[in-house]
Amino acid sequence: MTALTDDTIPVTPRAIRDEMIAFAIMTAMLAIVPFTGIYPFFVMQALCFALLACAFNLLIGYGGLLSFGHAMFLGTAGYVSGHALKVWGLSPELGILAGTAASAGLAVITGLVAIRRQGIYFAMITLALSQLLYFIYLQAPFTHGEDGIQGIPQGHLFFFLDLSKPTVLYYVVLAGFLAGFLLIFRTINSPFGEVLKAIRENEPRAISLGYKTDQYKLLAFILSGTLAGLAGALKVFVAQNASLTDVEVGMSGQIVLMTLVGGLGTIFGPVVGAFIIIAMQQYLASFGQWVQVIQGVIFVACVLLFRRGIIGEIAHYLKRSL
Amino acid sequence: MQALYAQLLVGLINGSFYALLSLGLAVIFGMLNIINFAHGALYMMGAFCAYFLLSLTGIGYWWALVFAPIIVGIFGMILERTMLQWLAGLDHLYGLLLTFGLALIIQGLFQNYFGSSGLPYAIPDYPKVGSWNGLQGGINLGFMYLPIYRGWVVIFSLIVCIGTWYLIERTRLGAYLRAATENPTLVRAFGINVPRMITLTYGLGVGLAALAGVLSAPINQVRPLMGENVIIVVFAVVVIGGMGSIMGSIITGFALGVIEGMTKYFYPEASNTVVFVLMVLVLLVKPTGLTGKAA
């Protein structure tokens, strides 16, 4: 059986150097966005989804675990942060913390259930768990059902950063994204990340070498869920609402699609994929259900013709690790 | 008590659909190693096929029960020949992703043309035998009123499920099929056309989904998104039952439908979630599923 990511380039000083250069270019490009006249709301939204896709990619690309329910972390963090900011009146930093912590807690519980099966079952279980949460949020009073939590105040981060100013908010979201991205980058290149890759390639062998693979998978799942929660909490400040669409199966599918388009198991692929899919939604918003059809076509095309994704193809062509 | 029996019947009907759908998923997974995410969309296509047969050509319910599964089954076989067959040898997850994309396309197209509201499909009123008016009306059983159509769905689904079990577990064709699941290369060496069997198997699984769609059309109306949530419940059913056994899928499907129906009566708030909660419990106690072997 062919593994999901067939180009496993070993971690070498050169690979790390290439990745650092690419990271510097990405950071520089993102840092000048407010001066270019690009609509900052679009980039902020894309950054939240990029972090979400990177968190998802940590599981699928490096642990071989396809989570088809990652929207549950996005939605949970959004609801908890939104509720904390609006109803409890917490400050932004505590609101972000509350949302991220809620997703981390959810990841512990769902992870303990989901890692009991591998492969295809893992995908179905995470999907079913997210659907379970969807119905809970549909009925729970604090989420306001179909309406969602609207008009969430943005407030002042650390008392002096006025988040209602788009430029300030942009750099805060960018900082959050970069922090999450670097954490994932560090994890992938750590001994822990190497064990994860070993589990992806051959779990029985990893077990026979004495690794408690369940603990590694659970830790990766918790890390991924927590960072997805951070993305959800940041998104609350951008969108100023939290609604059921963030918990739906369709949202989980979009996260998968972003990562697939960019390249499963590549470091920068999920970021590129997130920007493409969010841009596509913006431009095609007036076409209604055609967006869904087009996304389906992209799914099919990626799986049949284009399994490495955009960054994966480039990395393969340049024989570099990206 | 009337309400309890009514919910029990609703549960049995949903259980019939779960059984037909999870049976199809299990058969397809056995041969193709693919979890067919498009199963809900194909179930919906079965219902639409019956609707079109009636509104465009005047072909009624009884013939739709035959034709709709065949038409949708052929559509499925075309999908298998043109796309799914290229995934052989790749990680199972690609099959899930591809069929998820197919489901998005099919459901999106139907939603474009038919919106999200339901199209009516009447319960057949023929053949007329004595006081029977096709499958319309109902009978008073003393302890409850049984709408004839609903009773028919449960009994007919049960017959189809048992028939499929018999086909796979007790006939020569089924023996080839099970052998090809175990070791396709060896079975091919015996001169059996395994790729054709794979295509037919996919057609069979899809046909079962379409049949469930036709059966549900008079009860649930014909809606583009009718399969969207059902398929996720069926995934949970499959996780609970395990995909190793045909009979296991059938029994788990019916049982979970009944449990869901009972929950609607005793604690309606949990009726949407009970199957998922049961899935969590089963995973904690017996991770391989009730009948499944380790995957």
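The legends below describe close-up views of a predicted model. Local features require pLDDT of at least 70 and side-chain atom pairs pLDDT 80 or more, while totals for chains, interfaces and linings use all residues. Residues are numbered from 1 along each chain as its sequence is written, with chains lettered from A in the order in which they are written.

**View 1. Helix 5 of chain A, residues 119–139.** Helices are DSSP runs (H or I, at least four residues) numbered from the N terminus. The end C-alpha atoms of helix 5 of chain A are 31 Å apart, which agrees with the 30 Å that its 21 residues should span at 1.5 Å a residue (1.5 Å times one less than the number of residues). Because 16 of these 21 residues are buried, helix 5 of chain A is largely enclosed by the rest of the structure (buried: 20 or more other C-beta atoms within 10 Å of the residue's own, C-beta atoms being placed from the backbone).

**View 2. The side of chain A that touches chain B.** Here 38 residues of chain A are in contact with 37 residues of chain B (contact: C-beta atoms, placed from the backbone, within 7 Å). Helix 5 of chain A gives the most to this side, with 14 residues.

**View 3. Surroundings of A:A128.** Beyond neighbours within four places in sequence, the contacts of A:A128 are B:I232, B:F235, B:A236, B:V239, B:F276 and B:M279.

**View 4. Helix 3 of chain A, residues 71–86.** From first C-alpha to last, helix 3 of chain A reaches 22 Å, close to the expected 22 Å. Helix 3 of chain A is mostly covered, with 15 of its 16 residues buried.

Key: Helices (H or I, at least four residues) and strands (E, at least two) are DSSP runs, numbered from the N terminus. A residue is buried if 20 or more other C-beta atoms lie within 10 Å of its own, exposed if 12 or fewer, and partly exposed in between; C-beta atoms are placed from the backbone. Two residues are in contact if their C-beta atoms, placed from the backbone, lie within 7 Å.
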